[in-house]
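Please read the points alongside the sequence and the model.

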Amino acid sequence: MAKSADFPAGTDDGGSASGPNEGGEGHGDIEAGGTATAPAMARPRGQRLASLDVFRGITVVLMIVVDDVGGLLPAISHSPWDGVTLADFVFPFFLFIVGVSLAFAYKRVPDRALATKKAAIRTSKLFLLGLVLQGGFFHSIHDLTYGVDIHKIRLMGILQRIAIAYLTVALCEIWLRGGASDDIGAGGSKLIRRYRHQLFVGLVLMVTYTALLYGMYVPDWEFAVTSQDTTLKHFMVKCGVRGDTGPGCNAVGMIDRHVLGIQHLYTRPVYLRTAQCSINSPRNGPLPSNSPTWCEAPFDPEGLLSSLMATVTCLIGLQIGHVIVHFKEHGERLVQCSITSLSLLILGFLLDLFGLRLNKSLYSLSYTCVTTGTAGLFFAGIYLLVDVYSYKKLLFLMEWVGKHALMIFVLVACNIAPILVHGFYWREPQNNLLKFIGIGG
């Protein structure tokens, strides 16, 4: 029932968008220094990091826009396969925000075991919520039924991937750091030394993903689908290749089919809008007469292997959060964030230029670098406007949306609010409010 929307990660510390955390700090409390009369680029005052909420709120709105308008404007909808569009930046932005938030949530961890327990509990709640919302339990806004066959429930999804990334990065922040919280001082080299073990985890994830994606042999495989007339159709996909990054023969899909089971994967993959699978490409449409067999196969864009790189995005966000936590001057923070983000952006485009294509469905290395670098630069710009020059009032609505991101995702992006409204009708289910406003007719 849920759209292909990307989750607004509103759980900064794993609990609420603005609640307390293990260290007794708000998720966006800036370490103090200076006074209220300090120059704009001098030390930040002790206040909430409003730019993080604004960034999250803007991304939530962007998520809703690309979901609702993407069908009319394919140019902003998710790329059918290689390449990136506006919609493809939404999910990495949220992962990045989760990482930044965790740097504040675990700024002080007096009891590592207790913090680990809380992180595990919050991860479980988020994962289970994802199963309910995106596993097929709720149906479309046109259908007043609910329920899902456990044998066919979708196991992975937006919230499930967020949960995996959150737990991994939270454990890194809880257990893999050294030194006191105020021993960094000026210069990024000390920051790198302190968090070198976290960076090593990111490197291991990246190397593992790359080795499996390009090194695993993908044999021929077959699947069966039930047509609209309930006929069971069998298909064979010819592969027998290694290192292929096309829709039908990549290692990402193969691992999911073997580990999760093909019946638990997403049944409306984005590659249905490719020219090979739609006569109306880049829009959805009937299959061409010569379409490849894999066009009708399930594929999960939030699969297991690609979640490794999604976790890397969250880890990079964590390191940007460390910059905000440890550097005291606005200028230092902006310079460090901008240099890191710009470097990632350039690296990502170079990788794409040399053949490692930008691809959201595979969550490729180049895609990780470009989207995370863009997130860092966007965050730096918002930080400059909101926390340095205090244009907070102009963006107060985005800040409110950012503080209630999870609620908005559940009610709007997952269609829960329209489904609830659709449930109240006059004599016939078709006579409901949604029909009159042009949504559920």
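1. Phe 55 and Phe 379 are both buried (under 20% relative accessible area, with exposed over 50% and partly exposed in between; 1.4 Å probe, protein chains only). The model is predicted: local features need pLDDT of at least 70, side-chain atom pairs count only at pLDDT 80 or more, and totals for chains, interfaces and linings use all residues. Residues are numbered from 1 along each chain as its sequence is written, and side-chain values use heavy atoms, with hydrogens and water left out.

2. Rings of Phe, Tyr and Trp (its six-membered ring) pair if their centres lie within 6.5 Å; planes under 30 degrees apart count as stacked, over 60 as edge-to-face and the rest as tilted. The count by this rule is 15 aromatic pairs. Phe 55 and Phe 379 are stacked, at 6.2 Å centre to centre with 20° between the planes. The rings of Tyr 363 and Tyr 367 have centres 4.9 Å apart and planes at 85°, so this pair is edge-to-face. Tyr 363 and Tyr 367 are buried.

3. Ring pairs join Phe 55, Phe 89, Phe 93, Phe 96, Phe 378, Phe 379 and Tyr 383 into a cluster.

4. Arg 257 lies over the face of Trp 221, 3.5 Å from the ring centre (criterion: NZ of Lys or CZ of Arg within 6 Å of the ring centre and within 35 degrees of the ring normal).
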